[in-house]
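Q: I would like to learn how to read metal sites and strands in a model of this kind. Please take me through the features one at a time.

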Amino acid sequence: MALELRPNCEYCDKDLPPDASDARICSYECTFCADCVERRLSNVCPNCGGGFMARPIRPAREWRSGISRARQPASTKRVRLSHSRGEIALFVREVAAIPPEHR
Ligand SMILES: [Zn+2]
Ligand SMILES: [Zn+2]
């Protein structure tokens, strides 16, 4: 199954099209923009507590048969925060001091 390419930052709702270089994901595919990950989340996913990595860009062109953005299109379902911003700030404060590999 292909990675779910979600269309927006869950925190600030910025559009993150599949070729965005500033999309960040956690291991559960929770998706945020680089700015929110850095400035608001301190590399803590508010949904799972894990860290983030840059989301790889799925090729637009069909380099290999049946494999491309057209064949496995990005999701269009916008995702919203499932916790309040206040609760997230407290959560981030608690978790951010621990590096992702020790969480
Ligand atoms: Zn954002
Ligand atoms: Zn997560």
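Q: Is C48 buried or exposed, or something in between?

A: Buried means under 20% relative accessible area, exposed means over 50%, and partly exposed is in between, with a 1.4 Å probe and protein chains only. C48 has 32% relative accessibility, so it counts as partly exposed. C45, in contrast, is buried, at 0%. This is a predicted model, in which local features need pLDDT of at least 70 and side-chain atom pairs count only at pLDDT 80 or more, while totals for chains, interfaces and linings use all residues. Residues are numbered from 1 along each chain as its sequence is written, chains are lettered from A and ligands numbered from 1 in the order in which they are written, and side-chain values use heavy atoms, with hydrogens and water left out.

Q: Which residues are the protein donors of the zinc ion (ligand 2)?

A: Donors are N, O and S atoms within 2.8 Å of the metal (3.2 Å for Na, K and Ca); water is not among the atoms, so sites may look incomplete. For the zinc ion (ligand 2), the SG atoms of C26, C45 and C48 are the protein donors, at 2.3 to 2.4 Å. Their spacing in sequence is C-x18-C-x2-C.

Q: What coordinates the zinc ion (ligand 1), and why is the arrangement called tetrahedral?

A: Four donors count as tetrahedral if all angles lie between 85 and 135 degrees. The zinc ion (ligand 1) is held by SG of C9, C12, C33 and C36, at 2.3 to 2.4 Å. The arrangement is tetrahedral because the angles subtended by the 4 donor atoms are 100 to 119°. Along the chain these donors follow C-x2-C-x20-C-x2-C. C9 lies in the segment before β1 (23–25) and C36 in helix α1 (residues 34–39), so this pair ties together parts 27 residues apart in sequence. C9 is buried, at 0% relative accessibility, and C36 is buried at 0% as well.

Q: In what order do the strands of the sheet lie?

A: Helices (H or I, at least four residues) and strands (E, at least two) are DSSP runs, numbered from the N terminus. Two strands pair if DSSP finds at least two bridges between them. Here an open sheet of 3 strands has the order β2-β1-β3, with antiparallel pairing. β2 (31–33) and β3 (53–54) are at the edges with a single partner strand each, so one side of each has no neighbour in the sheet. Between β1 and β2 there are 3 bridges; I25 has T31 in β2 as its bridge partner.

Q: Where is S27 found?

A: S27 sits in the loop between β1 and β2. At 68% relative accessibility, S27 counts as exposed.

Conventions: Four donors count as tetrahedral if all angles lie between 85 and 135 degrees; four count as square planar and six as octahedral if opposite donors are over 155 degrees apart and all others between 65 and 115; anything else is irregular.
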